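Welcome! Here is a short tour for anyone meeting this model for the first time. Take a look at the structure, then read on.

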Amino acid sequence: MASRDVVLLSIDSGRDGLPSNALRLAAMGRRLADQRGGQLRWLVLGDLPTQLATLAGSYGVTAVDHADDDSLGGWAGDAQVNAAASYLGDRQGALLIAAQTFDSRCIVPRIAARLGCGVVMNVVDLDSDDDGLSLTAAAYGGDTRSGYRFEGDATAVVALGDNVVDAGPAGSQGEAPLETVSLDCGEPERVSVVERAVTEGPRLEDAEVIVAGGRGLQDAANLGLVEELATALGGVVGASRPIVDDGWIDRSQQVGLTGSITRPRLYIAAGISGASQHMVGCTSAKTLVAINIDPDAAVFRQCRYGLVGDCLELLPAITRAIKES
Amino acid sequence: MRVVVCAREVLDPDAVSNYVLEGKLEIGEDGRSVVNASIPRLMNAYDEQALEAALRLKDNDESVTVDVVSLGSDSADILKHAAAMGADGIFHLAADPAGLDCSAIGRLLGAWVGSSGGAQLVLCGRQASDDDQGVVPAVLAEALSLPLVTIARDVAVAGDGWRVIRATPDGDETVQVDCSAVVTISNELGDPRYPTMSNKMKARRRTAETVEPSSLGLSADELAPRVVMTSTSVPELHGQCEFIEGGSVDEQAAALVARLRQDEAIAGGSA
Ligand SMILES: Cc1cc2nc3c(=O)[nH]c(=O)nc-3n(C[C@H](O)[C@H](O)[C@H](O)COP(=O)(O)OP(=O)(O)OC[C@H]3O[C@@H](n4cnc5c(N)ncnc54)[C@H](O)[C@@H]3O)c2cc1C
Ligand SMILES: Nc1ncnc2c1ncn2[C@@H]1O[C@H](COP(=O)(O)O)[C@@H](O)[C@H]1O
């Protein structure tokens, strides 16, 4: 009989002892495992995040399966694909749910291809029933939603977008049991890293406050106004894609679909029109403020506070107001 | 040296976005296709950049052949555009994508690359701007048993393989692969070239070579979709924007800061 298990996959050790998007992954996994009546297992490839067993326990995860082969450290596409495929090969019919990250975007579809099963990325929601799986994924950068259906009980692979599903409440307490699994990681890596990326300064994903600028700043020199407000708020500077493409600012500062997905306490978007591909990276902010000269700008549809006016005047005024109060 | 570029037709994402904003996006009777007739059909922008990456390799080395393949029911225009940009060969894999999923499309493209002589490099876009999946290149790489390098901003020949710079959220990462590879290209590569007028004229007379999917020897099971798209919809936005208006710029700024403190969005709240 086909497995009804739900397998959560983490390939990064994340921050604060938890892999990326761990809470949402756990909550979604719990719901699906209940719907399917199978076990909920968490497959960890590489370093074991210190807080994972506790979190997994609180969502009733049956076991954390940890593969810690030496070849799984760092950027290890081949080893991770081999290991996950051999794990799932023994669980035909399981549902694999991975957190979608920059690295998993490259690995998750390969796992599915290796297994010959279907895969959907950018998943916002999913449900299991007797006949298969129904899911909703973001498309057109978030402008639309696509419904997808897996029929039957074949193995299925999905990646959960990291800004959309709300984490459900945790259940029982205590740590999930840890099981060490030995998986075939295959031949040596075919891709080797010659020079790693180094971020200078805080990462957008970790930032509590982000002040982001777009083409409405009109000139690279005006980015200073964004920086000054960010500094006054103890925050980080973000950017829309066009000003990254035009070389005003480094690409590591880009927010959005093809940049960073952020979830700060406060996000201020200045001179940004509010294209879905940008908004997908900032609508998880607790408070979203938009400054735009056009009262009909799309950004105002999704923000908490809106200021209609020239960001070249408003940004310095807000900086002054922060400093004065 | 043969470089294959996989390119796909998409609906202009900016036009789709505008229709969504105006609440005028029309979904067809099948419940999933976008039907607004006035939306232009273009080559997926990342695929255009993948072609640009291939042409830069050709600029540096005359022995490079660039072949562009597109699977779709109507790929004639984008293939002519590829020819105008400078592609050597243009190939139309004549399958209807509506009955296929990304896995089947990846397998078909992989089977074509394999059966048409293989390639030292296969370039794809990082994702299609309609489905945003980024799945096809991974399936293609697996089908050809080639390594996959995603989200590149630069690809250069290095030894028997390739040196690729990936645009990661943490900045540039340089990787080396010592054999043929599938590489996906991101917008950081830079703008694709514009075809010259005379190349456009010449390309108008070019017709793509048609490849019948049945000639590729894939079984019915290999082509059966694992996952089926069932619907397209426009999500509702739950905005509740409070506009801060009236008074001078400084008064507006002060009003905003007061609200943010009250909401504890910035330190020093009302407590
Ligand atoms: C597949 C794909 C992926 C993408 N990924 C991303 C991504 O990750 N991140 C991203 O940001 N974009 C991304 N984009 C691009 C996105 O669609 C938009 O083009 C982009 O976000 C627009 O940037 P912008 O708002 O800065 O510029 P514009 O759209 O040009 O908007 C500028 C805004 O500034 C306002 N303005 C002008 N002057 C002033 C002034 N003096 N004061 C205040 N406001 C002013 C204007 O009213 C306008 O609303 C992607 C696109 C595609 C197709
Ligand atoms: N029908 C197709 N024909 C040619 N190339 C394709 C096709 N579908 C996808 N691709 C390639 O795969 C990339 C990612 O597509 P997707 O997986 O649909 O997001 C695209 O940017 C193309 O390079």
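This is a predicted model: local features need pLDDT of at least 70, side-chain atom pairs count only at pLDDT 80 or more; totals for chains, interfaces and linings use all residues.

A crossing of two helices is called left-handed if the near helix is turned anticlockwise from the far one by less than a right angle, and right-handed if it is turned clockwise.

**Helices α5 and α8 of chain A**

- Helix α5(A), residues 223-232, and α8(A) have axes that come within 9 Å and cross at roughly 20°.
- Angles under 35 degrees count as roughly parallel, so α5(A) is roughly parallel to α8(A).
- The two helices, α5(A) and α8(A), cross in the left-handed sense.
- On the α5(A) side, the contact involves Leu225(A), Val226(A), Glu228(A), Leu229(A) and Ala232(A). On the α8(A) side are Leu312(A), Leu315(A), Pro316(A), Ile318(A), Thr319(A) and Ile322(A).
- Sorted by class, the contact of α5(A) with α8(A) has nine nonpolar residues, one polar and one charged.

**Where α8 of chain A meets α8 of chain B**

- From α8(A), the residues in contact include Leu314(A), Ala317(A), Ile318(A) and Ala321(A). Among their counterparts in α8(B) are Val249(B), Ala253(B), Leu256(B) and Val257(B).
- The contact of α8(A) with α8(B) is made up of 10 nonpolar, one polar and four charged residues.

**Ligand 1**

- Which chains does ligand 1 lie between? Ligand 1 sits between chains A and B.
- There are 27 residues around ligand 1, and those that come nearest are Ser240(A), Val255(A), Thr258(A), Ser273(A) and Asn292(A).
- A backbone N or O atom of Val255(A) is 2.8 Å from a nitrogen atom of ligand 1.
- Cys311(A) has a polar backbone atom 2.8 Å from a nitrogen atom of ligand 1.
- Gln254(A) places a polar side-chain atom 2.9 Å from an oxygen atom of ligand 1.

**Ligand 2**

- Around ligand 2 there are 20 residues, of which Cys6(B), Asp47(B), Leu71(B), Gly134(B) and Val135(B) come nearest.
- Asp47(B) has a polar side-chain atom 2.4 Å from an oxygen atom of ligand 2.
- For Gly125(B), a backbone N or O atom lies 2.9 Å from an oxygen atom of ligand 2.
- Gln133(B) has a polar backbone atom 3.4 Å from an oxygen atom of ligand 2.

How values were computed:
Residues are numbered from 1 along each chain as its sequence is written. Chains are lettered from A and ligands numbered from 1 in the order in which they are written. Side-chain values use heavy atoms; hydrogens and water are left out. Contact means heavy atoms within 4.5 Å. Helices (H or I, at least four residues) and strands (E, at least two) are DSSP runs, numbered from the N terminus. Ala, Val, Leu, Ile, Met, Phe, Trp, Tyr, Cys and Pro count as nonpolar, Asp, Glu, Lys and Arg as charged, and the others, Gly among them, as polar. A residue is near a molecule or strand if one of its heavy atoms lies within 4 Å of it. A polar contact is a pair of N or O atoms within 3.5 Å; within protein, one must be able to donate a hydrogen and the other to accept it, and residues adjacent in sequence count only if both atoms are side-chain atoms. Axes are lines fitted to C-alpha atoms, for helices over the stretch in contact, and angles run from 0 to 180 degrees between N-to-C directions. Angles under 35 degrees count as roughly parallel, over 145 as roughly antiparallel, 65 to 115 as roughly perpendicular and the rest as oblique.
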